[in-house]
Amino acid sequence: MSVTPEPQQTIALVVRHNTAGIDEPVQAIVDFLQDAGYRVVFEQETAEHVQVAGVAAMTVEQIGEHCGTAIVVGGDGTMLGIGRQLARYRVPLIGINQGRLGFMTDIPIDRMLPALGEILSGKAYAEERSLLEARVVRAGVEIHCSVAVNDVVVARGSGAGMAELRVTVDGTFMYNQRSDGLIVSTPTGSTAYALSAGGPLLHPSLGGIV
């Protein structure tokens, strides 16, 4: 008779695709977690690119239902992608930076095992980030809905002219504008695309929107 582990005993690994030299660090993480008594699984797309014996694969939905934590090895793009997908399940994410500078994947790979030990033993606190939900409605019909960790961008597309935009907040008119587009950003996203367009920086703990 098999016993399904409790959620906090199962940890998912999400690894950036096509990253040179990633197999050795991933194997070290797997060994570390298994030695500590955790069950380790790979996110399904990760399992197609990283081969480690004895590690099962799960879909994002299965990770949301069965895993207490997800460890992301890669960069901020990898963190943002899986964060959007796991947001509704409220699975905590731990980011390990592989390669370039990471704002959210901020644990350096040469310190990953001591850091993981501290986090999993309770010597850390969880930081919550706000999300945006965007819906596209055309002729009264919703044609798309998604969540964003960083920002939602309304752009003119491939057209040569400016876009005519009317902005309201909670039904209250704010302004009309003619521009290339409009960026609506969370505090997390205020350091990304919105910053390059001249927007302000917001601390992640703030409930504001740029």
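Modeller: Let's start with Asn18, which lies in the loop between β1 and α1; helices (H or I, at least four residues) and strands (E, at least two) are DSSP runs, numbered from the N terminus. At 72% relative accessibility Asn18 counts as exposed, where exposed means over 50%, buried under 20% and partly exposed in between, with a 1.4 Å probe and protein chains only. Its C-alpha atom is 27 Å from that of His66, 48 residues away along the chain.

A word on ground rules: this is a predicted model, so local features need pLDDT of at least 70 and side-chain atom pairs count only at pLDDT 80 or more, while totals for chains, interfaces and linings use all residues. Residues are numbered from 1 along each chain as its sequence is written, and side-chain values use heavy atoms, with hydrogens and water left out.

Now the helix itself. α1 covers residues 23-35, and at 1.5 Å a residue its 13 residues should span 18 Å; the end C-alpha atoms are 18 Å apart, which agrees. (The expected span is 1.5 Å times one less than the number of residues.) Pro25, Val26, Ile29, Val30 and Leu33 are the buried ones in α1. Looking down the axis, those buried residues fall within an arc of 140°, so they line one face of the helix; the arc is taken from the directions from the helix axis to the C-beta atoms.

What does the buried face of α1 pack against? Its partners are β1 (10-15), β2 (39-43), β4 (69-74), β5 (93-97) and α5 (112-120), with contact meaning heavy atoms within 4.5 Å. Just after the helix, Gly37 takes a positive phi of about 95°.

Next, the charges. The whole structure has seven salt bridges, each a side-chain nitrogen of Lys or Arg within 4 Å of a carboxyl oxygen of Asp or Glu. One joins Glu128 to Arg90, with the closest N and O atoms 3.1 Å apart. Glu128 sits in the loop between α5 and β7 (132-138) and Arg90 in the loop between α4 (76-86) and β5, so this pair ties together parts 38 residues apart in sequence. Both ends are exposed: Glu128 at 62% and Arg90 at 63% relative accessibility.

Glu118 and Arg111 form another salt bridge, at 3.7 Å between the closest N and O atoms; Glu118 is partly exposed at 37%, as is Arg111 at 39%. Arg129 and Glu127 meet at 2.7 Å, N to O, and here too Arg129 is partly exposed at 31% and Glu127 at 46%. Glu133, Arg135 and Glu142 are linked in a network of salt bridges.

Last, the nonpolar side of the surface: Val169, Phe173, Met174 and Tyr175 make a patch of about 360 Å². Three of its residues, the largest share, come from strand β11 (residues 172-179). Met174 is in that strand and counts as partly exposed at 47%.

Key. Patch = residues over 30% accessible without salt bridge, like charges linked within 9 Å, V, L, I, M, F, W, Y side chains within 5 Å. Areas by Shrake-Rupley, 256 points an atom, 1.4 Å probe, with all protein chains shown as cover.
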